[in-house]
Amino acid sequence: MSKSNPNAPKRLALISSKGTLDWAYPPFILASAAGAMGWEVGVFFTFYGLTLLKPELTAAVSPLGNPAMPMKMPFGPEGFQNINWAMPNLLMANVPGFENLATTLMKQTFHNKGVATIEELREACIELDVRLIGCQMTMDVFGFKREDFIPQAEIGGAATFLEYAADAEVQLFI
Amino acid sequence: MEDVEIIKEDLVLDCSGMLCPMPIVKTSKSMKELQSGQILKMISTDAGSPPDIAAWSRQTGNELLLSTTESGKYVFFLKKS
């Protein structure tokens with residue numbers, strides 16, 4: 001371990017690269033959990049993950065490219081709710097509004113089961129002093145400005161993340 | 001392990017109905033309200049809580065005095081370090 005300060009708390013360095021609702025959960029869950037354990041946490045938001053730094057979170061579920069995604073109905077008797085509805089890509093590609101439906105169903109199911117919303121988890125991260133770092137290069141590519149993001153976000157590049165990650169016990173790309 | 005009857009908590013946190021990671025996020029927040037030596041009683045229905053609270057205790061140094069179940073819920077007594 002080549003930690004600069006041996007007395008420093010443990011550190012988690014995450015890269016959040018996906019902006020769909022399902023993939024928005026893992027970085028915010030791990031970041032808030034690590035923060036709650038007293039670790040230092042930094043999340044580097046790059047590519048589609050960058051949208052998770054917007055004040056208004058619009059993350060949706062895309063069943064396309066998620067062929068194994070089980071779909072649950074958030075209403076009805078328990079036996080009905082436990083059914084895994086297979087979601088063939090061909091069907092979804094041809095049904096307008098399918099993403100909205102899938103997003104609504106996932107949000108409602110998560111709510112019913114007691115999972116916090118992405119907004120709540122991000123707020124928990126902010127309260128726990130998690131560093132939220134937006135990728136400057138992605139901002140330039142997609143045309144985002146600093147003011148498009150929440151005020152707690154920092155802006156940085158690959159070197160910023162690597163320097164932070166070099167002293168981290170846990171580094172994950174999500 | 002001390003007996004559940006003789007542990008006197010200073011604060012109760014009910015995380016019933018919450019799933020990971022909220023029980024440990026709320027636990028960490030409640031612990032900040034306590035003084036060293038005071039005890040938090042945390043109640044949870046999340047089956048992930050027994051291993052998670054044990055890990056949280058090891059990582060933060062706040063002692064887990066007791067991990068048990070009470071009327072179908074998980075109950076933890078944590079002592080602030």
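This is a predicted model: local features need pLDDT of at least 70, side-chain atom pairs count only at pLDDT 80 or more; totals for chains, interfaces and linings use all residues.
The crossing of α1(A) past α5(A) is left-handed. On the α1(A) side, the meeting residues are A:Ala24, A:Tyr25, A:Phe28, A:Ile29, A:Ala31, A:Ser32 and A:Gly35, while α5(A) brings A:Ile118, A:Leu121, A:Arg122, A:Ala124 and A:Cys125. By type, the residues of this contact are nine nonpolar, two polar and one charged.

The largest nonpolar core holds 53 residues, and A:Ala31, A:Val43 and A:Phe45 have the most contacts inside it. The most is given to this core by α1(A), with nine residues. For A:Phe45, contacts beyond its neighbours within four places in sequence include A:Ser16, A:Leu50, A:Leu52 and A:Leu53, as well as A:Leu132, A:Ile133, A:Gly134 and A:Cys135.

Turning to the two chains together, their contact takes 11 residues from chain A and 12 residues from chain B. On the side of chain A that touches chain B, α1(A) gives the most, with four residues. That side of chain A comprises seven nonpolar residues, three polar and one charged.

In chain B, helix α1 spans residues 22-32, and its buried residues are B:Met22, B:Pro23, B:Ile24, B:Val25, B:Thr27, B:Ser28 and B:Met31. These buried residues pack against β1, β2, α2 and β4 of chain B, and also against α1 and α5 of chain A.

Definitions and conventions: Residues are numbered from 1 along each chain as its sequence is written. Chains are lettered from A and ligands numbered from 1 in the order in which they are written. A residue is buried if 20 or more other C-beta atoms lie within 10 Å of its own, exposed if 12 or fewer, and partly exposed in between; C-beta atoms are placed from the backbone. Helices (H or I, at least four residues) and strands (E, at least two) are DSSP runs, numbered from the N terminus. Two residues are in contact if their C-beta atoms, placed from the backbone, lie within 7 Å. A nonpolar core is a set of buried Ala, Val, Leu, Ile, Met, Phe, Trp, Tyr and Cys residues joined through C-beta atoms within 7 Å. Ala, Val, Leu, Ile, Met, Phe, Trp, Tyr, Cys and Pro count as nonpolar, Asp, Glu, Lys and Arg as charged, and the others, Gly among them, as polar. A crossing is left-handed if the near helix is turned anticlockwise from the far one by less than a right angle, and right-handed if clockwise.
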